[in-house]
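Open the model in your viewer and keep the sequence panel beside it. The stops below say what to select next and what is there.

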Amino acid sequence: MALTGLFLCLFLVGHLLGNLQLIFITGEEGKVAFNEYAYFMTHNPAVKVLSYLTYFSILFHAIDGLMLTIQNKKARPTNYAMNKPNTNSSTPARYMAILGTVVLVFICTHMVNFWAKMHFTNMPLHTITKSIEAPVGQDPTTGQPVVKELEVDYVYTTNGQYQESKVSLAEMNYSEEKYEIKKGTMLYDKTSGLKVAEGLKDLHSQVMTFFGQDIKGLPSNSNALLYVILYVLSMAVLGFHLWHGFSSAFQTLGLRSKKYVGAISMAGKLFAVIIPAAFAIIPILIYLA
Amino acid sequence: MKLNLKIWRQNGPQDKGEMKTYPIDGVDGDMSFLEMMDMLNNQLVESGESPVAFDHDCREGICGMCSLYINGEAHGPDRGVTTCQLHMRKFNDGDTIYIEPWRAKAFPVIKDLVVDRSSFDRIMNSGGFVSVNTSGNTVDANSIPIPKDDADKAFEAATCIGCGACVASCKNASAMLFVSAKVSQLSLLPQGKVEAKERVLNMVQTMDDEGFGNCTNTGACEVECPKGISLENIARMNREYLKGALTK
Ligand code: HEM
Ligand code: SF4
Ligand code: FES
């Protein structure tokens, strides 16, 4: 319980640092940073080991926690007619299982919304569009070249470059794709049939639309405010779970002495406030932007 | 002072039991809680009802026999006292007072407010002792030097009177504070070090077998303990347990 709980606390710190890129780096640079990070997190073997450890920790922690709670309920078959637990213990400490279950529900929906999409669906690739003036022919009477605004799409690829992928001219209903996309991200040259590069999934834009920004080419999300509110509430619940959980884990491991007990308790409370608050501020800022 | 008592009545272990209301008048603020109970019982006997059964012995806060969950707290609203040391001046005229037995699977009710705490004895039997050579040659206890700090900590732990308030007030009915006080008291001293590993493993095993719940560090026990036994003891027992489990 304590080991998995503390490991999950470490996981929270790592995950938070990743997420903070969403608000601290803006514009195309932020998009590149975040999508490269998302690619790294889904492809690096060391990260894979860590992520399996995390899945295991969540499962073990949740199952063990719920089993403990059931055993503990059985240890008192008859309840008191009058009980005043507020006089001797903190409320979060007494509701760990309920708080944890809410966190578990949050983790599941969160994974369906982002993790599963990133892993199992073909989301649009990270693309930028530029307008380029180019001659498209000659005026038959004057002999002057006709210049039009062409839209050119570039896919951002794993080797850090923008690969020209599509040229279109709306008014002439003209559009030419250079690549065929296979397995969601692999760009295959249409003429040669060879694999040219691998594009990055645009998780950044998914997150931005999820929390209310309008991104060109993606359907806008009318439930964004609700999602932001649910996210913030879940972080509050996580905060209460950690308010007791962080220092409790040290006690479980026997790491307590007169000298450090105050410091651990203070660190736990700071952790319980700062980490969830920092998570919560991200969707709020995205929504307001 | 006039009080309205709501008391758990249960005529034997198999009886279903229920809360019953008893009005009482003429209670003096200087009475102890148990004297107030005596007064009630006199009235009940005089009116031909059976008196309320409750545990007590020394009535001076040292034996750990008295119990009672009073108005939602073990040993009542006062801190650092047993029920026998709780005075009626802590209550006000007209108060309703709920009086219930300790509630835990491992402490089954025998009658009314009396519970069977022999599970604590079985935990003690499984490791709460030191083995000494009794075949003569008694060693003078003071010949073993003990660091003052250890002696103080062991003494603090030894002040646990085994009342069970920790179990009663824990939301998990866990006996960790009691067991950790006993484990600490012995393992801090040189005489107890020899059997330290078996002791903690056996006592924790018995504690679990007896049906006590698991500790989730809510800290209610420390607040309600009449002897101020510290959670530090639980941390020490967790350390000892980890050491024992890993190396034995
Ligand atoms: C990111 C998510 C989570 C983190 C960081 C976390 C952290 C912690 C920590 C540090 C503890 C204290 C452990 C101890 O005292 O030994 C704890 C306890 C607990 N957790 Fe979690 N937890 C998380 C999610 C969950 C989930 C999903 C559940 C499942 C239902 C859950 C249920 C519990 C329960 C019941 C306890 C109380 C047990 C005890 O105090 O010993 N937690 N958690
Ligand atoms: S630890 Fe305190 S509350 Fe528990 S049995 Fe000992 S004296 Fe009673
Ligand atoms: S009767 Fe002995 S401690 Fe209360």
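Among contacts in chain A between residues at least 6 apart in sequence, what percentage join residues at least 24 apart? The share is 59%, where contact means heavy atoms within 4.5 Å.

This is a predicted model, in which local features need pLDDT of at least 70 and side-chain atom pairs count only at pLDDT 80 or more, while totals for chains, interfaces and linings use all residues. Residues are numbered from 1 along each chain as its sequence is written, chains are lettered from A and ligands numbered from 1 in the order in which they are written, and side-chain values use heavy atoms, with hydrogens and water left out.

**Stop 1: chain A as a whole**

Select chain A and colour it by secondary structure. Chain A has 8 helices and 7 strands; these are DSSP runs numbered from the N terminus, with helices being H or I of at least four residues and strands E of at least two. The radius of gyration of chain A is 26 Å, well over the 19 Å that the globule rule gives for 289 residues, so chain A is more spread out than a compact globule. That radius is taken over C-alpha atoms, and the globule rule is 2.2 Å times the number of residues to the power 0.38.

Now show the surface. Chain A exposes about 16400 Å², of which carbon and sulfur atoms supply 65%; accessible areas come from the Shrake-Rupley method with a 1.4 Å probe, and for residues only the protein chains shown count as cover. Of the 289 residues of chain A, 40% count as buried. Buried means under 20% relative accessible area, exposed over 50%, and partly exposed in between (1.4 Å probe, protein chains only).

**Stop 2: the iron atom of ligand 1**

Select ligand 1 and centre on its iron atom. Which residues are the protein donors here? They are His61(A) and His241(A), each through NE2, lying 1.9 to 2.0 Å from the iron atom. Donors are N, O and S atoms within 2.8 Å of the metal (3.2 Å for Na, K and Ca); water is not among the atoms, so sites may look incomplete.

The pair links distant parts of the chain: His61(A) sits in helix α3 (residues 45-74) of chain A and His241(A) in helix α7 (residues 224-252) of chain A, 180 residues apart. His61(A) is buried at 18% relative accessible area, and His241(A) is buried at 15%.

Why is the arrangement around the iron atom of ligand 1 octahedral? The 6 donor atoms subtend angles of 88 to 178°, which makes it so. Six donors count as octahedral if opposite donors are over 155 degrees apart and all others between 65 and 115.

**Stop 3: Val13(A)**

Select Val13(A), found in helix α1 (residues 2-24) of chain A. Val13(A) is partly exposed, with a relative accessible area of 30%. Not counting residues up to four places away in sequence, Val13(A) touches Phe271(A) and Ile275(A).

**Stop 4**

The structure holds 13 salt bridges over all chains, a salt bridge being a side-chain nitrogen of Lys or Arg within 4 Å of a carboxyl oxygen of Asp or Glu.

Select Arg89(B) and Asp30(B), which form a salt bridge with the closest N and O atoms 2.9 Å apart. Arg89(B) lies in the loop between β4 (73-74) and β5 (96-100) of chain B and Asp30(B) in the loop between β2 (18-24) and α1 (33-46), so the pair ties together parts 59 residues apart in sequence. Arg89(B) is partly exposed at 48%, whereas Asp30(B) is exposed at 58%.

Move on to Arg79(B) and Glu73(B), another salt bridge, with the closest N and O atoms 2.7 Å apart. Is Glu73(B) buried or exposed? Glu73(B) is buried, with a relative accessible area of 6%, while Arg79(B) is partly exposed at 35%.

**Stop 5: Leu44(B)**

Finish with Leu44(B), found in helix α1 of chain B. Leu44(B) is buried, with a relative accessible area of 5%. Leaving aside neighbours within four places in sequence, Leu44(B) is in contact with residues including Arg9(B), Tyr22(B) and Pro51(B).

Methods. Four donors count as tetrahedral if all angles lie between 85 and 135 degrees; four count as square planar and six as octahedral if opposite donors are over 155 degrees apart and all others between 65 and 115; anything else is irregular.
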